[in-house]
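Please open the structure in your viewer and keep the selection tool at hand.

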Amino acid sequence: MIRGVGASSGIAMGQAFVIPTWEWDFPEKMIDVTDLAYEFERLYDGIRHSKDELELIKQEIKEVVGQEQAYIFDAHLAILEDPIFMNEIQGIIELQYKAAEVAVKEVIDKFVGMFNLIDDEYMKERALDIKDVGNRLLKHLLGDTSTTVPPIDHPYILVAKELTPSQLAHLDPTNVLGLLTILGGTHSHVSIMARAMSVPYVLGLEGKLLRPIQNGDFLIIDGQEGTLYINPDKLTIERYQARKKNWLEFKESLQEIADVAPLTLDKSLVNLHANINSVMEIDQVLRNGASGVGLFRTEYLYMDRDSLPSEEEQFEVYRHAAIQLKGRPIVIRTLDIGGDKKLDYMPLAKEDNPFLGYRAIRISLDRSDLFMTQIRAILRASHFGNVKIMYPMVTSLDEVRQAKSYLERAKLELSALGVPYNANIEVGLTIEVPAAAIIADVLASEVNFMSIGTNDLVQYVLAVDRMNENIAHLYNPYHPAVIRLLKTVIDAGKRAGIPVGVCGEMAGDIRALPIWLGLGIEELSISVQTLLQVKHRLLSSDAATCKSLVDRILLCRTSDEIIELLAQTEQLEQTESIVGGN
Ligand code: PEP
Ligand code: MG
């Protein structure tokens with residue numbers, strides 16, 4: 001058994017599909033002048049095989065997943081036909097008598113190096129394409145049979161050194177049993193997506209594998225415990241089959257409380273909303289009895305495609321969501337790209353600190369064309385349901401005012417065209433930057449609601465990159481500084497008379513529930529998968545007891561002290577439920 005970090009709960013068992021990292025190691029082989037013709041033949045054979053393989057993959061992907069995902073392989077085929085790329089390789093073989101694989105490797109390295117030097121995210125993506133094509137060619141020249149394209153005819157556990165949200169968005173979710181990455185963080189967007197997709201995910205295996213995982217290895221991953229088994233024995237498989245069954249039964253049993261009102265024992269109401277990345281999750285939102293959608297991460301609508309979604313396309317998605325929710329609120333967060341969320345077709349300049357850089361509302365205010373398109377689509381959808389708009393990563397009052405002035409402009413445009421919309425649409429912002437939390441009282445006067453994005457707030461308060469696995473142990477939502485800041489924001493909302501919710505992952509952390517209840521939070525927005533587990537605890541919690549607990553927590557000096565107090569409370573609840581016969 002190997003212990004990593006659990007990033008999305010559940011148990012997955014199945015064959016590994018490994019995305020190779022392509023670290024080639026072969027000698028600098030020279031050839032004889034008499035072997036030139038043979039070497040060219042090898043090169044052309046390799047190119048032909050690579051092209052055949054790409055055509056095949058393209059076809060399969062087109063049939064099973066769709067045309068949009070197949071376009072990337074056209075770009076790869078074009079590289080293999082690019083005269084500059086091919087002439088360079090032929091020149092090295094012909095003039096320097098180097099073996100075909102050595103020439104190919106040199107040319108890939110040269111082009112990748114050149115593209116990487118350009119300070120442009122788009123060029124870096126192209127560098128990745130060249131690397132990928134070059135590696136495919138090398139693979140054929142060296143007789144390697146591994147593949148970079150996941151199987152489409154059977155399910156698998158995806159194994160990779162690291163994954164990006166757009167890579168995950170490109171996979172056919174029906175075949176992904178689980179995810180396993182060497183690097184990564186539990187608060188990364190890949191982790192959040194995995195939880196939303198109910199896909200078990202274990203990460204943080206750097207230095208822990210005695211040998212690399214191979215395609216076809218049988219794996220068990222437990223996303224709750226963060227454990228991994230490679231080719232386990234029969235007994236272990238049976239044990240995990242039983243555990244998986246129990247886990248699924250427990251989840252199923254929670255369905256009984258889906259329609260129960262989210263009230264604590266002493267009748268405090270906490271709205272339990274759902275976080276969604278796609279409208280496809282709305283069925284689940286309803287099935288799990290969520291009171292609405294507290295965070296629709298619209299950036300995923302912009303991913304997994306090759307151009308920006310038009311106003312019409314966005315309108316249709318938002319309208320459909322609003323109608324499906326039948327009057328329940330839906331908070332549509334405007335585009336939040338940057339950081340670890342990239343759009344393949346919209347390159348952003350390379351930054352040393354992308355999480356402190358060109359992100360979220362900063363991009364929207366800079367690219368008013370994108371922003372206006374999205375705002376108009378949201379406004380139009382507001383006519384069809386209880387739609388609210390929320391701005392991400394706000395830092396100052398000026399930003400809120402600017403964003404609101406775009407909203408007013410969009411309203412005027414729609415009115416002029418006679419297009420219906422809700423003129424009183426509620427406007428909110430996320431509190432995820434410490435500056436915003438500190439001036440929450442000021443910001444509260446400008447909006448109808450606030451939602452605390454703890455994922456980013458924690459990383460900025462503690463200066464701990466949520467993506468950096470080397471310091472993952474320092475990413476601690478239970479740091480006293482975080483808890484005090486949460487209180488500042490919630491109190492500011494109360495004084496201003498506007499609702500404050502939480503939409504970061506801490507909202508769905510069962511351990512944290514007494515903190516939210518004690519601080520008097522009115523709404524938690526949680527991934528659909530954990531919503532009922534939180535509700536389960538909420539129904540047997542007492543808000544007044546949590547309030548006294550929070551008074552004690554606010555006096556704690558370390559996160560350990562806070563975690564200890566929370567653990568004691570949980571134990572007490574369990575004992576009481578046993579004694580009470582619940
Ligand atoms: C957050 O930061 O808590 C949040 C909800 O936004 P995201 O995770 O999408 O950055
Ligand atoms: Mg955020």
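Begin by selecting the shell around ligand 1: by class, it has eight charged, five polar and three nonpolar residues. Please bear in mind throughout that this is a predicted model.

Within this shell of 16 residues, select Arg 297, Arg 333, Glu 432, Gly 453 and Asn 455, which come nearest to ligand 1.

**Polar atoms facing the ligand**

- Lys 341: a polar atom of its side chain lies 3.1 Å from an oxygen atom of the ligand.
- Thr 454: here a polar backbone atom is 3.1 Å from a ligand oxygen atom.
- Asn 455: a backbone N or O atom lies 2.8 Å from an oxygen atom of ligand 1.

How much of ligand 1 does the protein bury? Taken alone, the ligand exposes 290 Å², and the protein buries 100% of that area.

**The cavity and its elements**

Now show the largest cavity, where ligand 1 sits. Colour helix H7 (189-196), strand S10 (293-297) and helix H17 (454-462), the elements that each give two or more residues to the shell around the ligand. Which of them gives the most? It is H17, with three residues.

**Annotated active-site residues**

Select His 189 and Cys 503, which an unreviewed UniProt entry annotates as "active site".

**Annotated binding-site residues**

Finally, select Glu 432 and Asp 456, listed by UniProt under "binding site" in an unreviewed entry. These residues are spread over 25 residues of sequence but cluster in space, with a largest C-alpha distance of 5.3 Å. The lining of the largest cavity takes in Glu 432 and Asp 456. Where is Glu 432 found? Follow the chain from strand S13 (426-431) towards helix H15 (434-438): Glu 432 is in the loop between them. Glu 432 was also among the residues that come nearest to ligand 1.

How values were computed:
Residues numbered from 1 in each chain as written. Chains lettered and ligands numbered in written order. Predicted model: local features only at pLDDT ≥ 70, side-chain atom pairs only at ≥ 80, totals over all residues. Heavy atoms only, no water. Near = heavy atom within 4 Å. Polar contact = N/O pair within 3.5 Å; in protein donor to acceptor, adjacent residues only side chain to side chain. Areas by Shrake-Rupley, 256 points an atom, 1.4 Å probe, with all protein chains shown as cover. 1 Å grid on protein atoms, 1.4 Å probe; cavity = no way out; pocket = protein on both sides within 12 Å on 5 of 7 lines; lining within 4 Å. Sits in = over half its atoms within 2 Å of the grid points. Helix = DSSP H or I, 4+ residues; strand = E, 2+ residues; numbered from the N terminus. Nonpolar A, V, L, I, M, F, W, Y, C, P; charged D, E, K, R; others polar. UniProt positions renumbered as here; feature names shortened; annotations may be inferred.
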